[in-house]
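Student: I have a structure open on my screen and I would like to learn how to read it. Could we go through it together, one feature at a time?

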Amino acid sequence: MTALPLSIVGSETSRLSITDVSKRFGGVAAVDGISVEVEKGALVSIIGPNGAGKTTLLNIISGFFKPDRGRIVLQGKDITARKPNEIAAMGIARTFQNIALFSGLTVLDNLMLGRHVRMRSGVFGSVVYWGIAQREEIAHREICEELIDFLKLQDVRKQPTGALPYGLRKRVELGRALALEPSVLLLDEPMGGMNQDEKEDMARYILDVNQERGVSVVLIEHDMGVVMDISDRVIVLDYGRKIAEGSPADVQSNPAVIQAYLGRKP
Amino acid sequence: MTAKLSTLATESRTCTLPKLSRRNAESFGRAPGIREKDRGIWRTYSWQAYYDNLRDFALGLAASGFRRGDKLSVVGDNRPCLYWAQLAAQALGGIAVPVYQDAIASELVHVLDHAEVSVIVAEDQEQVDKVLSLRERLPHLRSIIFSDPRGLGRYQEPMLRSHAQTQAAGREFGQKHPDYFERELDTGCGDDAAIIAYTSGTTGRPKGAMLSHRNVIATAENYVSAEHIRRGDNSLAYLPMAWVGDMMFSLATALVAAVTVNCPEGPETVQRDLRELGPHAFFAPPRIWETLLTQVQVKAADASWLKRLVYEFFRRAAEQRELLRADGKKIPLVRNVAHRLGEILIYGPVRDQLGLRNARWCLSGGAPLGPDTFRFFRSFGVNLKQIYGATEASALVVFQRDRYADPNTVGQVAPGWEIRIDEHGEIHLRGPGVFLGYYKQEDATREAITVDGWLKTGDAGLIDPQGQLAIIDRAKDVGKLEDGTPFAPQFIENKLKFSPFIREAVAFGDSRPFVTAMIVIDFNTAGNWAERHGLAYTSFMDLSRRPEVAELIVAEVAKINATLPESVRLRRFVLLTKELEADDAEITRTRKVRRAFVAEKYADVIAALYGGADNVQVSLVVTFEDGRQGTLKSTMAIHGERLDADALKAA
């Protein structure tokens, strides 16, 4: 598995830019003056020890938290003050560290829900289910079926997600995020708790999403092997601050990173 | 009578498989020819679309230099475009060489190289990668065509092309050479080789059996004439395309009788798709019938007590009725009434759940099916029949008829065929489907066919007074215990496999004092059982080493022993801590045990079975899916206590 040649990244105009963002919870600076540029089509990983502020940063991007300071701009539009649903509609999708699917709904219904922000017909139209509403449903279903094919979920299409094994639910969650047809995908530990086989499959899907669908990916992951294998760029956080940024090879040899992970020499 | 049969095979407009697709397009062009489930929807191609697709593909092949006698391989799950690719090659006078899609690279290379394949049509990236890894060892290979472009966008291989590109090139070529295709198609004759089917080979290296168009069309016609197949019937194509059985059903029979072939979404969805489709005919090897039976048994055991009671009552009633019927006795009225009621409450719904409600006939073939499994399905109203044939005889040769289906026989020869048992008890067949010979192995061909055209099948059998053929076993597998009692391993293995907890069994006994077996548990059902009994386990190996599981299997074996004659009862067995794998060459791709190889590989285990030890240390080479190998060290316990029927009663 090799990373994308850097020439493909970077040449395009910046997609998602996060400038000097901070967020405090009481006296704790969870995120402290972080700036990140995610170019179109890039695969950027964020790593760091527990409590470094990785998930908080993702929550700020997706609008779950308002930052105390700083700006987030998606394709020239300021999205800092937007609500999560508005941000989703603008093309930023995410998955969660702890799976957040509707466990009583089928895989297909979960994916269709992912299309919700893209649906136009209201309650009345859907009840009548004729004309526009019907055509719309068919179009959405087609996109979901593409995803089912892409993620190889055919055999569980009509099964409630609650009954599926963990690795498969993670895949469904990725599918739901993709159902939004995002231009930026935020993944919060998509491989947490998976075995080696499942991790390899997931890495393959993430790469395919990134390379074949051209979706920019921001990935939080603890498995260093995977991160170093698939990322174009790695950002290291520690105590809410960015301590390093660069290619996987650069980051691995950076003394500040080694110190953050292994501790200071006494 | 014989003259009336095989008319298609001798008629020059219909004597090859691709010519038959032309006939279907002309005669019933708008009727559904083939379906594929894709993105959750069954997509239908009419016979006209079927023919157009294969023509465009053939022209695409022609444009890139595919010539008469060239070979084309398909590797992948059942897909319309792979069937078309084979017919396209045949339309140009080429030969199809389908290979097993799950074969590991080293297995593939032997077949592809031996057959001198020049074009490979691969389903997806996985298969393309496999073929590309072998490129250096395939000097005849000129191009690789893929049907699913996913993940292949960045490949820069000059020999790689997509199915769509090939067809587009074909349409262009066709405009420049408007008569080319029809001319090539008409040049083809019935005696051309249509397919080289590499035999699964329970012994040694696979051999390539060449079947001509006449072989497969005449055999299919004879078969259709004796079975009630109707035009427009639906069948499900899910068995490996490399297996001659699928070729005979999904290509030859489907083309001859204009049956609509349906390709499931993928191997994981077969069962769901089967139920959704409700085909008119269903063909499965014993392994699948055993799996279906296990599922019914497990679901019944998991049901609430009332349902279980009702199910058990009607299951017994059905079984007894079936036994009465098999003995030719009159069935009392009360039993018939119970049967009607059972049909509404149990049999119909079970058939519906299995997807067999519309099936007028079902077949089991490829290996013998255990009588208990057979009887179960028949008693539940599934018209299950056994079929017997050999790759070298175009597969569909001997089969049971509706009115007479005895679990211990496989039926009568199809019209147009002759059968005889030679002095050693070996089955010989003669008829229109006897193959042309093994590809590049004339000495093997001479060994297989007698001078007067009889095919030696290598199977031992006898013909009973009703004229039904009974298969004893592979001729060389049948042996004798030390005291001279005849011993047929498959008979015992099938008995064992009837237990839902036993997935695989290999029995030993030839020139031995008593019968022993290696048993592989069924991971699903035994795992379910363990969960219900609060037993934690981590892996297959762990589960098969649990003393509680051993207890369970001991009880199962004791039950089975009670139904066996004293002399061939199982005295000792071992629970294998790994499953038998085709990748390890322990079973064939169609899941037949390769007995000689297994006996050699597990020599230590067998020695321990006949020695006194109560466990054995083994170290086995295992092959992973990607071809890497590793060693598995394990201790396996041997069980020999409490296997007697009396002990069962005492317990």
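Predicted model: local features only at pLDDT ≥ 70, side-chain atom pairs only at ≥ 80, totals over all residues.

Student: Where in chain B does B:L61 sit?

Tutor: B:L61 belongs to helix α3 of chain B, which covers residues 47–63.

Student: And which residues does B:L61 touch, leaving out those up to four places away in sequence?

Tutor: With those left out, B:L61 touches B:F66, B:A88, B:A89, B:L92, B:V119 and B:T166.

Student: Which residues of the largest nonpolar core touch the most other members?

Tutor: That core has 139 residues, and the ones touching the most other members are B:A58, B:A85, B:A88, B:I196, B:I217, B:A252 and B:V397. Helix α10(B) gives the most to this core, with 10 residues. Domain 1 and domain 2 of chain B each contribute at least three residues to the core. Take B:A58 as an example: apart from residues up to four places away in sequence, B:A58 touches B:A88, B:A91, B:L92, B:G170 and B:F181.

Student: You mentioned domains. Into which domains is chain B divided?

Tutor: Chain B is divided into domain 1 (7–275), domain 2 (286–357 + 359–429 + 453–474) and domain 3 (479–650). Taken over C-alpha atoms, the centres of domain 1 and domain 2 of chain B are separated by 31 Å.

Student: How many residues of domain 1 and domain 2 of chain B are in contact?

Tutor: The contact joins 20 residues of domain 1 of chain B with 14 residues of domain 2 of chain B. On the domain 1 side, β9 (208–212), α9 (213–226), α10 (244–257) and α11 (270–277) of chain B each give two or more residues. The largest share, eight residues, comes from α9(B). By class, that side of domain 1 has 10 nonpolar, eight polar and two charged residues.

Student: Now for sheets. How do I read one?

Tutor: Here is the general idea: strands of a sheet pair through backbone hydrogen bonds, either parallel or antiparallel. Now the case in chain B: an open sheet of five strands has the order β24-β25-β26-β28-β27, and its pairing is mixed. Its edge strands, each pairing on one side only, are β24 (502–508) and β27 (615–623) of chain B. From one strand to the next, the twist averages 30 degrees.

Student: How many bridges join β27(B) and β28 of chain B?

Tutor: There are nine bridges, and the two strands pair in the antiparallel sense. One bridge to look for joins B:V622 to its partner B:G630 in β28(B).

Student: Which strands does helix α20 of chain B lie across?

Tutor: Helix α20 (residues 547–561) lies across β24, β25, β26 and β28 of chain B, and runs at about 150 degrees to β26(B).

Student: What is the strand order of the open sheet in chain A?

Tutor: Its six strands come in the order β6-β7-β8-β3-β9-β10, with mixed pairing. The edge strands are β6 (92–94) and β10 (241–246) of chain A. Strand β9 of chain A and β10(A) pair in the antiparallel sense over five bridges, and A:L237 has A:K242 in β10(A) as its bridge partner.

Student: Last one: how many residues does each chain bring to the contact between A and B?

Tutor: Chain A brings nine residues and chain B brings nine residues. On the chain A side, α5 (132–150) and α7 (196–212) each supply at least two residues, and the largest share, four residues, comes from α5(A). By class, that side has one nonpolar, one polar and seven charged residues.

Note on methods. Residues numbered from 1 in each chain as written. Chains lettered and ligands numbered in written order. Contact = placed C-beta atoms within 7 Å. Nonpolar A, V, L, I, M, F, W, Y, C, P; charged D, E, K, R; others polar. Pairing = 2+ DSSP bridges. Axes fitted to C-alpha atoms, helices over the stretch in contact; angles between N-to-C directions. Domains from an automatic or database assignment. Core = buried A, V, L, I, M, F, W, Y, C linked by C-beta atoms within 7 Å. Buried ≥ 20, exposed ≤ 12 C-beta atoms within 10 Å, placed from the backbone.
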